[in-house]
Amino acid sequence: MKKKLTLLFLLTVVSVFLAGCSEFNQPIYAESEGFWNRFIVWPLVSLIVTFKDLLGTYGLGIIAVTIIIRLVLLPLMIKQTQSSKGMQELQPELKALKEKYQSKDAVTQQKYREEMQKLMTERKINPAAGCLPILIQMPILIGFYHAISRMNATPEINLGNFFWFELAAPSISLAVLAGLMQFVVLRTGPAVDNPQMKTMMYIMPFMIMIFGTFLPAALALYWVIGNIISIIQNFFIYKPFKKKEVEPVTEPVKKPGKKPVKAGGKRK
């Protein structure tokens, strides 16, 4: 049932995303029709414009809204990172269980699953807890991405500059900064100790640099600010400077033919 609900949610998110993609380069107004426009993109645009009026520039408005969004999502993101950290710390014991139940027959594998579930229950770890926050964040983050892109396509909106960066035009230097910040995010998170995630540590920053070189600098600014918040979050949760090598869990080897001797007794 959980898998079906997750799949349904993913299909819904993809459908909404594709609906937004069809108008990706179109202007955005309060009268724009469609669920995606009226309830996600336009409210985010209005919020950015409001903070622009308060703070003076669209750059500061984007930074303010980025911070607000990340603060709203912070409880979910903390839950996600804590779940990832718990799974990371549990890996040696899971590996020991896998070696203990190496046989591929149904009975052994059923016992392996039961032991694994018992271990996770004892440690209060739910693997799905790391996925659900990501699914909830997706529509908001994609909506923010679309809001900036469509503001850039709206003639009445002039994004202007943030320091020497023209927010409506691509900025290679800001894109490189965004990619480097993404690398720091992954370097201070669970990826550094997870062989499966180490590849992502190098691919994701590179992809952000590439996308940032031809997308508006306003989006790269959003990535930079979001990554700064993620780095601060990682320092508090993962404490990367205090990381220690985790020793694998091994069971004591029992020598055959010997029995424990009770106090005052004799070995038989």
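**Notebook: cores, rings and a loop**

I looked up Ile62 to start: apart from neighbours within four places in sequence, Ile62 is in contact with Ile48, Phe144, Ile148, Ala218, Leu221 and Tyr222. Contact here means heavy atoms within 4.5 Å.

I noted the ground rules next. The model is predicted, so local features need pLDDT of at least 70 and side-chain atom pairs count only at pLDDT 80 or more, while totals for chains, interfaces and linings use all residues. Residues are numbered from 1 along each chain as its sequence is written, and side-chain values use heavy atoms, with hydrogens and water left out.

**Entry: the chain as a whole**

I counted eight helices and two strands in the chain. These are DSSP runs numbered from the N terminus: helices are H or I with at least four residues, strands are E with at least two. Along the sequence I read the pattern α-α-α-α-α-β-β-α-α-α.

I found that 37% of the 268 residues count as buried. Buried means under 20% relative accessible area, exposed means over 50%, and partly exposed lies in between (1.4 Å probe, protein chains only).

I also checked the contacts with a separation of 6 or more: residues 24 or more positions apart account for 72% of them.

**Entry: the cores**

Which residues touch the most other members of the largest nonpolar core? I found Ile48, Ile62, Phe144, Ile148 and Leu221, in a core of 38 residues. Helix 2 (35–55), helix 3 (58–100), helix 5 (132–152), helix 6 (172–187) and helix 8 (217–237) each supply at least two residues of this core. The largest share, 10 residues, comes from helix 8. A second, separate core has nine residues, including Met87, Leu94, Leu119 and Met120.

For the term, I wrote down that a nonpolar core is a set of buried Ala, Val, Leu, Ile, Met, Phe, Trp, Tyr and Cys residues joined through side-chain atoms within 4.5 Å. In soluble globular proteins, nonpolar side chains tend to be buried together.

**Entry: four rings in a row**

I counted six aromatic pairs. Rings of Phe, Tyr and Trp (its six-membered ring) pair if their centres lie within 6.5 Å; planes under 30 degrees apart are stacked, over 60 edge-to-face, and the rest tilted.

Phe162 and Phe163 form an edge-to-face pair, 4.7 Å centre to centre with 75° between the planes. Trp164 and Phe165 are a tilted pair, because their ring centres are 5.0 Å apart and their planes stand at 45°. Ring pairs link Phe162, Phe163, Trp164 and Phe165 into a cluster.

Which of these are buried and which exposed? Phe162 counts as buried because its relative accessibility is 15%, and Phe165 is buried at 12%. Phe163 is exposed at 65%, and Trp164 is exposed at 68%.

I then placed Phe163 in the loop between strand 1 (161–162) and strand 2 (165–166). Its phi is near 55°, a positive value in a residue other than glycine. Most residues other than glycine have a negative phi.

**Entry: Thr154**

I found Thr154 in the loop between helix 5 and strand 1. Thr154 counts as buried because its relative accessibility is 3%. Leaving aside neighbours within four places in sequence, Thr154 is in contact with Pro27, Ile28 and Tyr29.

**Entry: one more loop**
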